Amino acid sequence: MTHRIPRLPLLLSLLLLVGGEKSWAQAPTAGIPAIVSHPLSLSLGKKGNPFFSIGLLRQVRNQKGLQIGPVTVADSIRGAQLASFVNIAAGSARGLQMGLSNTARTGDKLVQIGLINGTATEQRGLQLGAYNYAGVLNSPQIGLFNVSGQNPHGTQIGLVNISQQSGTRQIGLANITPQTDVQLLLWGGSLTKINVAVRLTAHHFYSVLGAGFFYRGLDDHFSGSLFFRRGVRLQLSDSFTLSGDLGYAHIEDTPKAELDNLHRRYALQGRINAELKLSRTTSAFISSGYSFSGRYRAPHNYTHHPIIEAGIALF
């Protein structure tokens, strides 16, 4: 025995989901939440102020509750926006935005989780993503690249942190504020023969990020390293500075005859540096230290080498 689906309820359901705008908010059962539909979308709650909305392109005035779709747009939110691609709150936002890209004008206790997060004015809550931006940061930013305008009470944690306000709390490989001096370093040494790096200095502390080439020597096969160092400096006079730093290096060191057996190494290094200022934009320095290196696959089999270097600092 077969059962036929009643045609009238089926047609009404299709009209509800994909038809023009309908609203039952004025029905006698006013205590029941209204159901509002737009093309390829569905909302529950008051017209323009739903507590739940879902659709391919979902745009509402004031979202209180949950908004779901590939792209979600609201004048303001008090709840959550979940999108496959983009979440946008044109005004204030409180709650959660989660998608590839999240944007709000103002974040009040707002958590943004995505590839790209941005708050035009004040951000209070949390930003977690590859790239984070806030006009005024009063909460943590955690990501690869963090950027903020004013930063009275915020914290930036990432690879690169940039703030337009001095005294910002920053934890990362490269921390940049208006008080940060950025210099280009060029030098030769006993380990990697040719080296280039950027030095970021704020007050008495500095970071060095760079690359070295020809770790094995000036042969016909490439070898080199990527490194990061963190140190402290003491200016003894207007032209002479002493500094010391500790750092980590990743080393590509594979002889040409052994390309199938990559010799990737790591190194822990320490240096003492003396620097003499030659002009307003140029300094010369010499460095001495020690390097302890080992293979990633055999960390207990390490070697050690002295470090002797000399070079110039520009700008």
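## Aromatic pairs

In this predicted model, ring pairs join Trp187, Phe227 and Phe285 into a cluster. The whole structure holds four aromatic pairs.

Tyr266 and Tyr296 make one of these pairs, and it is tilted. Their ring centres sit 5.6 Å apart, with 45 degrees between the planes. Tyr266 belongs to strand β14, while Tyr296 is in the loop between β15 (282-295) and β16. The two tyrosines are 30 residues apart, and the pair links distant parts of the chain. Tyr266 has 19% relative accessibility; the cut-off for buried is under 20%, so Tyr266 counts as buried. Tyr296, at 37%, counts as partly exposed. Tyr290 and Phe292 form another pair, with ring centres 5.6 Å apart. Their planes meet at 45 degrees, so this pair is tilted. Tyr290 is partly exposed at 36% relative accessible area. Phe292 is partly exposed too, at 42%.

## Nonpolar cores

The largest nonpolar core contains 14 residues. Leu185, Trp187, Ala197, Val208, Phe227, Ala249 and Ile251 have the most contacts inside it. Four strands each supply at least two residues of this core: β9 (181-189), β11 (205-213), β13 (240-252) and β16 (298-314). Trp187 and Phe227 of this core are also members of the ring cluster.

A second core is separate and has six residues. Among them are Ile77, Ala89, Ala93 and Ala104.

## Salt bridges

Side chains of opposite charge can pair when their charged atoms come close. Here the count is six salt bridges. Three of them are described below.

Arg271 bridges to Glu309, with the closest N and O atoms 3.0 Å apart. Arg271 lies in strand β14 and Glu309 in strand β16. They are 38 residues apart, and the pair links distant parts of the chain. Are these two partners buried or exposed? Arg271 is buried, at 6% relative accessibility. Glu309 is buried as well, with a relative accessible area of 5%.

Glu252 and Arg264 meet in a salt bridge of 2.7 Å, N to O. Glu252 is in strand β13 and Arg264 in strand β14 (residues 264-277), so the bridge ties together parts that are 12 residues apart in sequence. Glu252 is partly exposed, at 24%. Arg264 is partly exposed, at 38%. The side chains of Arg124 and Glu122 form another bridge, also given as 2.7 Å, N to O. Arg124 counts as partly exposed at 39% relative accessibility. Glu122 counts as partly exposed at 25%.

## The largest cavity

How many cavities of 30 Å³ or more does the model contain? The count is two. The largest has about 110 Å³ of space.

Its lining has 13 residues. Leu185, Arg199, Arg229, Asn273 and Phe285 lie nearest the centre of this cavity. Strands β9, β11, β13, β14 and β15 each supply at least two lining residues. By class, the lining divides into five nonpolar, three polar and five charged residues. Leu185 is among the residues with the most contacts in the largest core, and Phe285 is part of the ring cluster.

## The second largest cavity

About 90 Å³ of space lies in the second largest cavity. What lines this cavity? The lining residues are Trp187, Leu191, Thr192, Asn195, Tyr215, Ser225, Phe227, Ala249, Ile251, Gln269, Arg271 and Glu309. The lining has six nonpolar, four polar and two charged residues.

Several earlier features come together in this lining. Trp187 and Phe227, from the ring cluster, both line the cavity. Ala249 and Ile251 also line it, and both are among the residues with the most contacts in the largest core. Arg271 and Glu309 are in the lining too; they are the partners of the 3.0 Å salt bridge.

Technical notes
Residues are numbered from 1 along each chain as its sequence is written. This is a predicted model: local features need pLDDT of at least 70, side-chain atom pairs count only at pLDDT 80 or more; totals for chains, interfaces and linings use all residues. Side-chain values use heavy atoms; hydrogens and water are left out. A nonpolar core is a set of buried Ala, Val, Leu, Ile, Met, Phe, Trp, Tyr and Cys residues joined through side-chain atoms within 4.5 Å. Buried means under 20% relative accessible area, exposed over 50%, partly exposed in between (1.4 Å probe, protein chains only). A salt bridge is a side-chain nitrogen of Lys or Arg within 4 Å of a carboxyl oxygen of Asp or Glu. Rings of Phe, Tyr and Trp (its six-membered ring) pair if their centres lie within 6.5 Å; planes under 30 degrees apart count as stacked, over 60 as edge-to-face and the rest as tilted. On a 1 Å grid over the protein atoms alone, a cavity is a set of points where a 1.4 Å probe fits but cannot get out, and a pocket is an open set with protein on both sides within 12 Å along at least five of seven lines; lining residues have an atom within 4 Å of a point. Grid points are joined across faces, edges and corners, and a volume is the space filled by probe spheres set on the points. Ala, Val, Leu, Ile, Met, Phe, Trp, Tyr, Cys and Pro count as nonpolar, Asp, Glu, Lys and Arg as charged, and the others, Gly among them, as polar.
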